[in-house]
Structures are given as C-alpha cells and as structure tokens.
Protein chains: 4
Amino acid sequence: MAAMPVAFPTVALIGKYKTPEIAGPVMKLARFLEERGVKVLLDRLTAAHIKDCPYGVLLLEELGREADLAIVIGGDGTMLNIARTFAPYDVALVGVNQGRLGFLTDISLETMFETMTSILEGHFVTEERMLLQSEVWSGSNGNGGSTAQECVFDVLAFNDVVVAKGFRGGMVEIEVQIDGQFIYNQRSDGLIVATPTGSTAYALSSGGPIVHPALSVMALVPVSPHTLSNRPIIVSGDSTVEIVVRSADDPRAHFDSHSHFDLREGDRVIVRRYSHKIKLLHPVGHSYYAMLREKLHWNRD
Amino acid sequence: MAAMPVAFPTVALIGKYKTPEIAGPVMKLARFLEERGVKVLLDRLTAAHIKDCPYGVLLLEELGREADLAIVIGGDGTMLNIARTFAPYDVALVGVNQGRLGFLTDISLETMFETMTSILEGHFVTEERMLLQSEVWSGSNGNGGSTAQECVFDVLAFNDVVVAKGFRGGMVEIEVQIDGQFIYNQRSDGLIVATPTGSTAYALSSGGPIVHPALSVMALVPVSPHTLSNRPIIVSGDSTVEIVVRSADDPRAHFDSHSHFDLREGDRVIVRRYSHKIKLLHPVGHSYYAMLREKLHWNRD
Amino acid sequence: MAAMPVAFPTVALIGKYKTPEIAGPVMKLARFLEERGVKVLLDRLTAAHIKDCPYGVLLLEELGREADLAIVIGGDGTMLNIARTFAPYDVALVGVNQGRLGFLTDISLETMFETMTSILEGHFVTEERMLLQSEVWSGSNGNGGSTAQECVFDVLAFNDVVVAKGFRGGMVEIEVQIDGQFIYNQRSDGLIVATPTGSTAYALSSGGPIVHPALSVMALVPVSPHTLSNRPIIVSGDSTVEIVVRSADDPRAHFDSHSHFDLREGDRVIVRRYSHKIKLLHPVGHSYYAMLREKLHWNRD
Amino acid sequence: MAAMPVAFPTVALIGKYKTPEIAGPVMKLARFLEERGVKVLLDRLTAAHIKDCPYGVLLLEELGREADLAIVIGGDGTMLNIARTFAPYDVALVGVNQGRLGFLTDISLETMFETMTSILEGHFVTEERMLLQSEVWSGSNGNGGSTAQECVFDVLAFNDVVVAKGFRGGMVEIEVQIDGQFIYNQRSDGLIVATPTGSTAYALSSGGPIVHPALSVMALVPVSPHTLSNRPIIVSGDSTVEIVVRSADDPRAHFDSHSHFDLREGDRVIVRRYSHKIKLLHPVGHSYYAMLREKLHWNRD
C-alpha cells in the first residue's frame, strides 16, 4: 500500500531492559510502523534481544537526536529513564505498558496499534512536563563556608530529588533555602523535592499533595519530620531549592530512585527546573483525572 | 515642614470593626500621614468611633475608588474583608496588627510609623495575590439536568470556598469537575478550594500543603473524606472548579468563613480565579518564610 | 424432622427500617429457624412490612429481654442502632448484610443459612466490643462555675461521640480533660471520641488510627485542628473524658451520627466506657484483618 | 545528722556517656545521697570521668542486681539505654535532664535535690511502662519455608522496632502477621512497631497517634506506605507481631535506633511485649499531659 504522510517520520522503539520477552511486541510494532512508511530505529539494549534485527540500531543519545517520536514499551520506571535521557532532545514520547497501566505508560498492548494509527495521523494530545536539574556541591574550606565548594555531581530527575538519612537509620539534619532565603533547619528521614510527575510517587506516600502535571511548581515534602508542623510546601518552578547537609551519619541524595550520591556534612544539593520539558503524547480523550481515579481506587465503593 | 512628594497621595485608614479602642492608633496614624502631605480618608464604620473626625469619611466602595493605598489596622480577619471589598479597585494594601502578627497583617503598632515612612518614600515590596470568584447555580428542571439553573449567588473569597455538610452532621456527597472533566464523587465533611493565601488557614488544618502566595494555583483539600486516597490536589489557577451537590441533609457553601449560602441537591458551586489581584505592600526585607517559621513554630527546639 | 437442641432457643429478627423489601429475607430466615426448633420473634417495625406475620412481635426493649440472639438484616447503620438498644441486655448479635459486607454485618444473604446452621450448632466466634456512655451537663450558675450544672442528656454510642462546630461554620473551642486532668484547649472543627469499633468510621477519615476491636481504649481524634500538633491520642477505656465548650457559634454533640444535642458555652460532654459490652457472633474462621483488607482495598495492586 | 530510713537504701547513679562534664552533677548528687544514708554506686563508664571516685563502681548489669533505684543523668537517649539494660532487674528509674526536659527525663538539675528528697521520703508516683522483646529468625531451607530458620538476634526495645529499607533507597516489601493471622503485604520505607513510650518518638513523626504510656498496646505505623490506606494500627500488647521480609535491596531492623540487624529476604522479625516492665518514678503531681503540652507546643497561641 502507498504509505500516507505520517506525523512522525522517524520513530524510536525502546523496550524494558533485561526483559527478553519484550522483543515480540517491539517487533510487531516495528513492522506495523514500517508498513506505514515510518523509519524505525531501535536502541541497542532492546535490539540485543532481537535476532537479525532489520532496523537501524543506535545508542539512546543518538536516538534522541534522530527520532521524532520515541515509543517506550515497559513500565513507568522504563519511561522515567528514557525521559531523562531524551529530555535534552525534545523528542515526543509515548508509553505502552505490558501490564497494569502506569501514570506515564497509559497505552495497553491491546490498544497499541489503534492508538498509534491515530497518533501517526496527527490525532493526539500533547502534554509537557517539567524535570529537575540537580547539582551536588562539595568540598570543605576549613571554616564551614561554601566558597571553596565545587560541583561534583550533575543529574536530571523526572520524579524527584531526595536528600535522605543513610543506612545507620538516624535522622538527617538539613538546612533548606529557597532562592537564597533561609526556610528552616529540618530533622527528618529526608526531604523530597518532587515535580508534578513525582507528586503521585514517593511524595504522595509521604503525605504530599497531588499536583496537576501541567503546573510548573515543585513540592517539598518532608519524610517523617521531627517537627510536626513541617508540612509539604509548594513553590514556584522558577525557584532554586538548596539543601545543605548539617548533620547525619551517612546522608545520601537520590535522583528518581535511579542514581544517588553520598553526601558529607556541608554538602549542598541544588535543585531547579531543567531548561527542557518532556513532551508526552496521549490518545485523544486522554484524561489525567481518569487515570488518578483508576490508580487511587477512587469511587470503588 | 514642607511635605515631600509621597508615593501614595491618598490613603484610606480602616480599623477593625466593633473595636472602639482602635480609634487611638487610627488617629495617630492619620495625623502622622497628614503631616507628610497625605490626604487621609476614613471608612464610615471606623470613623464612627472618632468624635469630630477631621478627615474625609466615605463608604468602603468609595474609598476603593479614591484611595491609592489602604492601611488596615486590625487582624487577618479584617484584612480578608477589606481585601475582598477593595479587590476590584486595585488599591494597594498594608496590614497593621494590634496584637500578635498575622499572615496578612505583618506590621506591628510599634513599628508602624517607621514602616509607613519607608513606604511613603517608595521603599517597599509589592506582593500580588490571587482571589477566587465563586458562583452558586441553582434551580431544578425536573429531570436532574442543569440547563434551567441560574446564578443565585456571586461572591469573592480571598482564603477559600468550602462546600460542607450542614448542621445534622452527616457527610456531604459531592461531584467534582475541573474544566468540565469529572474528577470524582466524594463523601466527606466538605471540600475546601483554597487560594495560596488560604493554604495556611483552614486548608492547612485539614491536611493541605502550604502553597507559596505568589503562585497562581488552587488547592482542593477534602475534609475528613470517606475514601482515604482522596488527597489534596493542586490545580492551575486558570482552571474552573465545579462542585455539584449530590446528596446531603443541609449542605452549605462558605466563603472565607465570612458569608455562606445554603445549598440544595443539584446546586452547583463554581470557583475560578478572580480577574483582579490583591496588591499587598510589605516592608523591604519582608520574608514569607520568616513568617511561616514564626507562625508554625519551626526551629523552636 | 425432630429439632435438635440449639445454642440459642429464642432468636429475634430485626430488619433495616423503611425497607419493605427486607420482608422477604426476614421471612425466609424466620422459617429456616422455626424448622430448627427456634422460637422466632420480630420487632414491631420489621413486622409492619409482613402481612399476617405468624411470629411474636415485640418492642425492641422487650426483644432485648426475651431473646438469646438477635439477627440484624441490613447494614452497619442498622446494626449500630440495634447494638445500642440491646447493649443493656447482653443479647448476642449477628449481622447479615443485603449488599456489600460491612464492618459489623459480615454475613451475606447468600451464606446466611449455612452460617446460621453452624451458629445454632454452637460453632461461632464471640467478639466483645465496648460502647461509650455519654452525658451532657448544662446550666450556668452566673459565674462560670459548673457546680450548678445538671445532666440534661444521657445516651450510648457504639462508634463515637463528637463535639463539633455548628452550622455557621466557625471553629469550636473546647477544653479537654481526662480523669480530671487538663489536656488542652483545642480549636477545631470538632473532637471525636471513638471506640475501637468507631475507629474505622469517622475517626479514620479524620486521621485517626485503626484500633483493634478487642481493646478497651478510646481514640481522641481532632477534626481539622488549628494546632498541627494536636494529634490523635489513645487513652484507656477506664478513663473519663470531659469536653467543656469554651466558645462556638452553635456547637453540637453527635452520638453515632444518630442522635445529637445542641450545646451552649460552658456545657460539658462526659464520655466513659459503658458498663455492658456488645457481644458479636461471627462464623468460625472470621478474621477482622481480612475484613480490613477488603474494606480498605489493601493488596489490590 | 542521724540519717532517716530511706525508701531506697542503694542507689545507682549513671551519667550520659562521653560527657565528662556530667561528673560534677553526679558527684554532687552522690554526696547528697550519701549524707542521707544512701549507699551510692556508680557505673564504670560514669566513674571513668571521676578522679579518685569514693563510691562503689560496678558494671551496669551488676548495678541492676544491686540497686533499688537508678538515677539517670542525661537525656532521653541515655534513659532508653539504661532502661533496656535494667529491664530484667525491676530497678526503679528516675531521669534527670541536664538541658531541656525530655519525655523520660523530666527532672531538672535545678530541682534535683528537692525531688530526690521527696522520693527518698517515699513521696513519688510510680509509672510502669512496657518494653518490646524482639527476635530475628533467619536461614533458608531452599524452598521458601521457615521451618529451618533459627533465632539469630534477640534484643529489647523501649521505643520501637523498625523494619526499614536499606541504603539503596528502594522500598522494602514485607508481610505482616499478627498472632499468626496474615494482615497484609506492605511496600513502604518501613514499618514501626512502637510501644506507648515510643509513640511520641519516630512513630509520631510518621503519622502515628500518641498512646498513653500506661496502656499495654503496640502501634504499627508504616513509614511512607505505597498504599494510602495502610494506616497506623493499634493492637493488643498481648499480640505477637511478625514481619517477614519479602523483598528489598538491603533491609535492616532497627531497635530503639540503638542497635540494628541486617536482614535478608525471608528473614522474620518477631515482636512481642517483654515479660518485665520499666518502673519510672516521678515527683508527686507529675502529669504526662502537661509534658505533652510542653513538648508539642500546645496552647502557645
């Protein structure tokens, strides 16, 4: 058949890692796309499960530069990883879930072809979501000041940046500043700085509110704070949050529960909005609130 | 002395109602302003406590049209009332508290003259805060639809709009929609729709987060919801929230705990951001977070 | 057939009020019991829906004195009412639910005959649950003292006693004493004093813990307290809780959301454990925790 | 002067460890007691700071056997440690705090002599508090069963036993059983099993209720649970709580934040009430609720 012009000429397919059985759905989707005139590319780890892969195979960063659209087949964890990696390239993302639908992977294998047909025809809803860019500054100068510190870690997070107590289980004591203003010294299990996307993850378990994903705000959510009035705070996405480690046995910063960095007293974790946004595509009619109802068991009784 | 040009040529003074002892500070402040070449105006109820008042006396709405700046002497409750009334007129507001400083009235009687001197010289920080505009639509059309409903109440709120159970104490059952999308049916003591300003009032007591006052968002905070996963939600200030009463003995809508409206099954309470903002003036160096620390007893231990 | 000796010779049947369709299941159960040699009695309101009722019909209080066992067919609300009424008579209770199983009515219509067969044969689990006995003391003596107060209301509660704000929506200010000791002055929407049974009702929605039903304790759960550290408190079932109304527009005491009493400033609501307990029978193998899992949607994901 | 008979003939003094400056108050108190005919004993670590110590010096366990009363000078942390060690010996305990009064150390250095005079004369209030006895069972048998497990750790806790996620920061997945009944599988940062004493410590920060210290109950408080309805549960002090590690990177059990044990998948942590109780002495007029008011900043506004 004569391929019609499609909204996304080059599409990258990425499957969940360490999951050989993902090869089946990936190849079916690849053929489906190819038949519609789409140039299909695969990432290296996904292609490793596919024998005699007939499609172009690239590194993730290369896919980011080449593809107009990336389809992630896996769960929300896979999507978080791909979204962080692709964030600098402004590639549109679509999430297909093998199992129970996720917050970010809201298309099922069953409806995948139908949805992709619509998307290729240009029928979809685009949603932009903010990420966090975080730096760790470290280095003592002998008198407690921070002038001699240097940036020792730099990473993106799509869900959250968490400064937490370490293995020995005592509390972490941190000083929090926003835009250079002192907020408080806090003793707690940790402090979560969450994006709206992350507001339904760890932050929600720790008492934070649900934040609509289109907002440009950050949620500061303390985990088991010693002071009961240390409640979640919503601040502007334009703000810079700075967390200084004041005392702890072995504190650690976590980024999307994916990477981490061991902190020392005096280290500073800086969190701000990343300059690029994630562009998620959804089927027409997609409803964030419908997904919340489903995931949070609203209106079951 | 030759009066210097001042930043606010006409200033309205408003004291806490039903508080005759406010007359002393009001008159002191009036004379202080007059000496600096300011035209002083008083509201009618404040002037009622002052014998042979030498200043112009106007209705609140007239003050809103005439004054460049309004100084409210009282507590946060007084400021809420004045702010709502002055909202359409874009008058700048300053809050002086007789007693313990409030969230909105953060200048003490003791520092009043010093602060006002700076403000008249143009040294101040301006903070803009959103309000809510709320309507109640009522009227049955015999088949449960809402086509025949009409707007029966229209009011501004600076802190919050609350749809709550009534006197008999049963739960209220409401349906919530945001921008026309169905969110959930909720059974609870009530639902608070709070501005950032209101986030530190009733919403905070009910488990909501603290929201920075410069943000344009609304916090939907359920009070004692039957479903435990009905958590606070932060939505855009551009959204329209619609609450439909599905069932209750005698539900009621409250606006800033100041006015209320008795609801019937099928009535709809609509909440959106008001087109004007409140302009609060603070002394240079004012810190919202310093006030939070003070009011919430952070860092006392 | 020759009736075998049964564990409960006289059984009262009580159906949900204002529910004519309950007559069917009630009559089926009555015949089932009669065939097994049980003397069946009905309460007056239940019998009103049954034409030519062939069984003894008595007032609830008379049933309390006559019956060895009462079977309640309805929901948890019906069971709460019957339990309070039967509390002084130590009648065993069984709850059958027409619809979705409740915390107290954990037998379905489908398994009703099977379960009753076992129970009549003496195979069941007995669970004893505490109730609250509450008094309202009122009457001013001109100087704020309480010496001239008298008891103006006296009632039992199976779930909770709540002292709450009234219709105008302001906070209620109360003073709480336990065993004569001052605890605090609290400003809030209200204070719930819950039994373990009531801990999964209104108290849970308001942030209280789940309390195992066999414990003899009371949970004091504030609703939207102004002071964020006013957290739920668990006190001994041997304690006497006293709530004094310090200030409110129109406060009210609620008892099981079933009865209420309008309070005035200075009134005291006294809550203590009732001298009798409720005796609930369950099928062998009944698990409180299994019911919690079901009702609270644990382990669904 | 002729020493009067005292209520406690032999008194042990224990000071905060690694705190040389505690030697001064300890020696003052020792001389004070000696003058009143009391036999004074010191623990080895405390005596290490005292030159030419004229009093008997024993190991803690020996003190437990010899002393009628132990006076702990330090903070709540010191008291927790001493209480655990002395628990088997039923020695009465008094806590003196150098700084800000604690929940367990409620006598100040300033009032120490006055209070001790009263206590020696037999004027005091005795409060008994439960402890937890916890065991870790480990060892695989190749098929996931627990028959081949053996007890590898056995310890007392006065505040709490916590099964928590480890250093890598992922959630811990546990199965909870109470008295052999399955409660739920829980994914969270951890689960706290707290005594009433521990209810105002870590458990309170994590959303648990305050539990009156005289009660014999345990509070199960999840920390940041994935399922929002996994709320705190109050169970009988007669119950046995069993926590089975189902999955985690590197889970750990913590006991009073004092000792810990690294867990493996399949390990079981068993928690039950310890057979002995802690006997705390307080000055006449002591009020638990007054201390709560002070520590939780109730009624400050």
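Start in chain D, where helix α1(D) passes helix α5(D) in a right-handed crossing. Select residues 23–35 of chain D for α1 and residues 112–120 for α5; the two axes come within 11 Å and cross at roughly 35°. Show side chains next. From α1(D), the contact takes in Pro25(D), Lys28(D), Leu29(D), Phe32(D) and Leu33(D). From α5(D), the residues are Met112(D), Phe113(D), Met116(D), Thr117(D) and Leu120(D). Coloured by class, this contact of α1(D) with α5(D) has eight nonpolar residues, one polar and one charged. This is a predicted model, and every value on the tour is computed from it.

**The helix pair in chain C**

Move to chain C and select residues 23–35 together with residues 112–120, which are helices α1(C) and α5(C). Their axes are 11 Å apart and the helices pack at an angle of about 35°. Which hand does the crossing of α1(C) and α5(C) have? The crossing is right-handed. Pro25(C), Lys28(C), Leu29(C), Phe32(C) and Leu33(C) in α1(C) face a group in α5(C) made of Met112(C), Phe113(C), Met116(C), Thr117(C) and Leu120(C).

In chain B, select helix α1 (residues 23–35) and helix α5 (residues 112–120), whose axes come within 11 Å and cross at roughly 35°. α1(B) passes α5(B) in a right-handed crossing. On the α1(B) side of the contact are Pro25(B), Lys28(B), Leu29(B), Phe32(B) and Leu33(B), and on the α5(B) side Met112(B), Phe113(B), Met116(B), Thr117(B) and Leu120(B). By class, the contact of α1(B) with α5(B) holds eight nonpolar, one polar and one charged residues.

**A salt bridge in chain D**

Go back to chain D and select Arg84(D) and Asp256(D). Their side chains meet in a salt bridge, 2.4 Å from N to O. Arg84(D) lies in helix α4 (residues 76–86) and Asp256(D) in the loop between β17 (252–255) and β18 (259–262) of chain D, so the pair ties together parts that are 172 residues apart in sequence. Side chains of opposite charge can pair when their charged atoms come close. Over all chains, the structure holds 36 salt bridges.

**A hairpin in chain A**

Select residues 172–178 and 181–188 of chain A, which are strands β10(A) and β11(A). The two strands run antiparallel and are joined by seven bridges. Within this pairing, Ile174(A) has Gln186(A) in β11(A) as its bridge partner. β10(A) and β11(A) form a hairpin with two residues between them. One residue in the turn, Asp179(A), has a positive phi of about 50°.

**A sheet made from chains A and B**

How many strands are in the open sheet here? The sheet has seven, in the order β18(A)-β17(A)-β9(A)-β12(A)-β14(A)-β15(A)-β13(B), with mixed pairing. At the edges stand β18 (259–262) of chain A and β13 (210–211) of chain B; each has a single partner strand, so one side of each is left without a neighbour in the sheet. Zoom in on β17(A), residues 252–255, which four bridges join to β18(A) in antiparallel fashion. Arg252(A) stands opposite Asp262(A) in β18(A).

**The interface of chains A and B**

Now look at the whole contact, which takes 34 residues from chain A and 33 residues from chain B. The two chains bury about 2800 Å² between them, 55% of it on carbon and sulfur atoms. Select Arg231(A), Tyr289(A) and Trp298(A): they supply 22% of the area that chain A buries against chain B, more than any other three residues.

**A sheet made from chains C and D**

Show chains C and D. An open sheet of seven strands runs β18(C)-β17(C)-β9(C)-β12(C)-β14(C)-β15(C)-β13(D), with mixed pairing. Its edge strands are β18 (259–262) of chain C and β13 (210–211) of chain D, each with a single partner strand, so one side of each has no neighbour in the sheet. Two bridges join β15(C), residues 233–236, to β13(D), and these strands run parallel. Ile234(C) has Val211(D) as its bridge partner.

**The interface of chains B and C**

Finish with chains B and C, where 20 residues of chain B are in contact with 20 residues of chain C. About 1600 Å² is buried between them, and carbon and sulfur atoms give 57% of that area. Phe167(B), Ser205(B) and Leu228(B) supply 39% of what chain B buries against chain C, more than any other three residues. The count of salt bridges between chain B and chain C is zero.

Methods:
Residues numbered from 1 in each chain as written. Chains lettered and ligands numbered in written order. Predicted model: local features only at pLDDT ≥ 70, side-chain atom pairs only at ≥ 80, totals over all residues. Heavy atoms only, no water. Pairing = 2+ DSSP bridges. Axes fitted to C-alpha atoms, helices over the stretch in contact; angles between N-to-C directions. Left-handed = near helix turned anticlockwise from the far one by under 90°. Contact = heavy atoms within 4.5 Å. Nonpolar A, V, L, I, M, F, W, Y, C, P; charged D, E, K, R; others polar. Buried area = accessible area lost by both parts, 1.4 Å probe. Salt bridge = Lys/Arg side-chain N within 4 Å of Asp/Glu carboxyl O.
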